[in-house]
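Please look at the sequence and the model below before reading on.

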Amino acid sequence: MKKGIHPDYHPVVFEDVSTGKRFLTRSTAVSERTVQWEDGNTYPLLVVDVTADSHPFWTGNQRVLDTAGRVEKFERRYGKRVRGGTTEQKEN
(Lines give C-alpha, C1' and ligand atoms only; values in the text may rest on other atoms or scores of the structure.)
Protein backbone atom coordinates (compact mmCIF):
# COMPACT_ATOMS: atom_id res chain seq x y z
CA MET A 1 0.00 0.00 0.00
CA LYS A 2 1.11 3.53 -0.65
CA LYS A 3 1.80 5.56 2.45
CA GLY A 4 -0.23 8.69 3.23
CA ILE A 5 -3.14 8.19 0.81
CA HIS A 6 -5.47 6.04 2.92
CA PRO A 7 -7.77 7.35 5.68
CA ASP A 8 -7.19 6.30 9.27
CA TYR A 9 -8.93 2.94 9.83
CA HIS A 10 -9.54 2.45 13.54
CA PRO A 11 -11.88 0.77 16.07
CA VAL A 12 -15.25 2.54 16.50
CA VAL A 13 -18.37 1.74 18.54
CA PHE A 14 -21.71 2.07 16.76
CA GLU A 15 -24.92 2.44 18.77
CA ASP A 16 -28.42 1.85 17.41
CA VAL A 17 -30.51 4.80 18.62
CA SER A 18 -33.79 2.83 18.68
CA THR A 19 -32.57 -0.35 20.42
CA GLY A 20 -29.56 0.93 22.33
CA LYS A 21 -27.44 -2.01 21.18
CA ARG A 22 -23.76 -1.23 20.67
CA PHE A 23 -21.12 -3.06 18.66
CA LEU A 24 -17.41 -2.56 18.15
CA THR A 25 -16.03 -2.63 14.63
CA ARG A 26 -13.49 -0.80 12.51
CA SER A 27 -14.24 2.27 10.42
CA THR A 28 -12.81 5.47 8.97
CA ALA A 29 -15.63 7.47 10.61
CA VAL A 30 -14.74 9.93 13.36
CA SER A 31 -16.72 11.32 16.27
CA GLU A 32 -16.20 13.72 19.15
CA ARG A 33 -18.23 11.44 21.43
CA THR A 34 -16.45 8.53 23.10
CA VAL A 35 -17.48 5.51 25.13
CA GLN A 36 -15.59 3.09 27.35
CA TRP A 37 -15.94 -0.44 25.96
CA GLU A 38 -16.00 -3.77 27.80
CA ASP A 39 -12.25 -4.23 27.31
CA GLY A 40 -11.57 -1.02 29.26
CA ASN A 41 -10.47 1.01 26.23
CA THR A 42 -12.14 4.22 25.08
CA TYR A 43 -13.40 4.38 21.49
CA PRO A 44 -15.24 6.95 19.35
CA LEU A 45 -19.03 6.49 19.54
CA LEU A 46 -21.24 6.87 16.45
CA VAL A 47 -25.00 6.84 17.00
CA VAL A 48 -26.94 5.57 13.98
CA ASP A 49 -30.68 5.39 13.22
CA VAL A 50 -30.80 1.86 11.82
CA THR A 51 -28.79 -1.33 12.27
CA ALA A 52 -29.64 -4.99 11.71
CA ASP A 53 -31.23 -4.97 15.20
CA SER A 54 -33.85 -2.40 14.23
CA HIS A 55 -34.22 -2.62 10.43
CA PRO A 56 -37.65 -4.03 9.49
CA PHE A 57 -36.17 -6.50 7.00
CA TRP A 58 -33.95 -8.13 9.62
CA THR A 59 -36.47 -7.99 12.49
CA GLY A 60 -39.27 -9.59 10.46
CA ASN A 61 -41.55 -6.57 10.91
CA GLN A 62 -41.38 -5.36 7.35
CA ARG A 63 -44.61 -4.25 5.76
CA VAL A 64 -45.82 -5.75 2.52
CA LEU A 65 -46.49 -3.25 -0.23
CA ASP A 66 -49.65 -3.55 -2.28
CA THR A 67 -47.83 -3.92 -5.58
CA ALA A 68 -50.85 -5.31 -7.41
CA GLY A 69 -52.89 -2.25 -6.48
CA ARG A 70 -50.09 0.04 -7.59
CA VAL A 71 -49.83 -1.69 -10.97
CA GLU A 72 -53.58 -1.46 -11.49
CA LYS A 73 -53.54 2.22 -10.62
CA PHE A 74 -50.72 2.81 -13.10
CA GLU A 75 -52.58 0.91 -15.83
CA ARG A 76 -55.77 2.90 -15.20
CA ARG A 77 -53.86 6.14 -15.44
CA TYR A 78 -51.55 5.44 -18.38
CA GLY A 79 -53.20 2.55 -20.21
CA LYS A 80 -52.53 -1.15 -20.17
CA ARG A 81 -49.60 -2.50 -22.17
CA VAL A 82 -50.46 -5.31 -24.59
CA ARG A 83 -48.33 -7.53 -26.84
CA GLY A 84 -46.50 -5.83 -29.65
CA GLY A 85 -45.56 -2.74 -27.64
CA THR A 86 -48.82 -0.82 -28.13
CA THR A 87 -51.01 0.43 -25.33
CA GLU A 88 -54.73 0.25 -24.72
CA GLN A 89 -56.04 3.60 -23.57
CA LYS A 90 -59.01 3.84 -21.26
CA GLU A 91 -62.18 5.34 -22.65
CA ASN A 92 -63.35 8.58 -21.04
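What percentage of the 92 residues of the chain count as buried? Of these 92 residues, 16% are buried, where buried means under 20% relative accessible area, exposed means over 50%, and partly exposed lies in between (1.4 Å probe, protein chains only). The model is a predicted one, in which local features need pLDDT of at least 70 and side-chain atom pairs count only at pLDDT 80 or more, while totals for chains, interfaces and linings use all residues. Residues are numbered from 1 along each chain as its sequence is written, and side-chain values use heavy atoms, with hydrogens and water left out.

**Overall arrangement**

Two helices and six strands make up the elements of the chain. Read from the N terminus, their order is β-β-β-β-α-α-β-β. These elements are DSSP runs numbered from the N terminus, with helices (H or I) of at least four residues and strands (E) of at least two.

Pro11 belongs to strand 1 (residues 10-16) and is partly exposed at 27% relative accessibility. Between Pro11 and Ser27 there are 6.3 Å from C-alpha to C-alpha, with a separation of 16 residues in sequence. Val47, in strand 4 (residues 42-48), is partly exposed with a relative accessible area of 37%.

**Salt bridges**

The whole structure contains two salt bridges, each being a side-chain nitrogen of Lys or Arg within 4 Å of a carboxyl oxygen of Asp or Glu. In one, the closest N and O atoms of Glu15 and Arg22 are 3.2 Å apart. Glu15 is buried at 15% relative accessibility, whereas Arg22 is partly exposed at 35%. In the other, Lys21 is joined to Asp53, with 3.8 Å between the closest N and O atoms. Lys21 sits in the loop between strand 1 and strand 2 (22-27) and Asp53 in the loop between strand 4 and helix 1 (56-59), so this pair ties together parts that are 32 residues apart in sequence. Lys21 is partly exposed at 45% relative accessibility, and Asp53 is partly exposed at 36%.

**Aromatic pairs**

Rings of Phe, Tyr and Trp (its six-membered ring) pair if their centres lie within 6.5 Å; planes under 30 degrees apart count as stacked, over 60 as edge-to-face and the rest as tilted.

| Pair | Distance between ring centres | Angle between planes | Class |
|---|---|---|---|
| Phe14 and Phe23 | 5.7 Å | 20 degrees | stacked |
| Phe74 and Tyr78 | 4.9 Å | 45 degrees | tilted |

Phe14 is buried, with a relative accessible area of 16%, and Phe23 is partly exposed at 34%. Phe74 and Tyr78 both belong to helix 2, where they are four residues apart, about one turn of the helix. Tyr78 is partly exposed at 47% relative accessibility.

**A charged patch**

A surface patch of positive charge is formed by Arg70, Lys73, Arg76 and Arg77. Patches are made of residues with over 30% relative accessible area and no salt bridge, like charges being joined within 9 Å and nonpolar side chains (Val, Leu, Ile, Met, Phe, Trp, Tyr) within 5 Å. Arg77 is part of helix 2 (residues 67-78) and is exposed, with a relative accessible area of 54%.

Note on methods:
Accessible areas come from the Shrake-Rupley method with a 1.4 Å probe; for residues, only the protein chains shown count as cover. Lys and Arg count as positive and Asp and Glu as negative; His and the chain ends are not counted. The place of a charge is taken as NZ of Lys, CZ of Arg, CG of Asp or CD of Glu.
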